[in-house]
Amino acid sequence: MPAIPPLYIDPEKAPEVVALSRTAIDKLEAAGEFPKRRKLSARRVAYLYRELVEWAESRPVSDLLPVPPASQQAE
């Protein structure tokens, strides 16, 4: 049976999911450029996993070239 992805992600775990710092996420969320947290109870919020995945998939493809291995940089 395949693993079921989580429905909600704690704000502390969101950086691991989207590979950004907590500060970067907070700034993007405040600017309306990142999914908003959902209210789960009176004192608990979390991100909807599906929205984090959709946001990550919407990021543009990078045109930066990969950094060559250190052994090739000296040549």
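1. What share of the 75 residues of the chain counts as buried? The answer is 20%, where buried means under 20% relative accessible area, exposed over 50% and partly exposed in between, with a 1.4 Å probe and protein chains only.

2. This is a predicted model, in which local features need pLDDT of at least 70 and side-chain atom pairs count only at pLDDT 80 or more, while totals for chains, interfaces and linings use all residues. Residues are numbered from 1 along each chain as its sequence is written, and side-chain values use heavy atoms, with hydrogens and water left out.

3. The chain has 4 helices and 3 strands, these being DSSP runs numbered from the N terminus (H or I and at least four residues for helices, E and at least two for strands). Read from the N terminus on, the elements follow the order β-α-α-β-β-α-α. The radius of gyration of the chain is 17 Å, well over the 11 Å that the globule rule gives for 75 residues, so the chain is more spread out than a compact globule; the radius is taken over C-alpha atoms, and the rule is 2.2 Å times the number of residues to the power 0.38. Along the principal axes, the C-alpha atoms fill a box of roughly 60 × 40 × 20 Å.

4. The 3 strands form an open sheet in the order β1-β3-β2, with antiparallel pairing, and two strands are taken to pair if DSSP finds at least two bridges between them. Because β1 (8–9) and β2 (38–41) stand at the edges, each with a single partner strand, one side of each is left without a neighbour in the sheet.

5. Strand β3 (residues 44–48) is joined to β1 by 2 bridges, and I9 stands opposite Y47 in β3. On the other pairing, β2 and β3 are antiparallel over 3 bridges, with V45 in β3 as the bridge partner of K39; these two strands form a hairpin with 2 residues between them.

6. Among contacts (heavy atoms within 4.5 Å) with a separation of 6 or more, 41% are accounted for by residues 24 or more positions apart.

7. The accessible surface of the chain comes to about 6,100 Å², of which 57% belongs to carbon and sulfur atoms, by the Shrake-Rupley method with a 1.4 Å probe.
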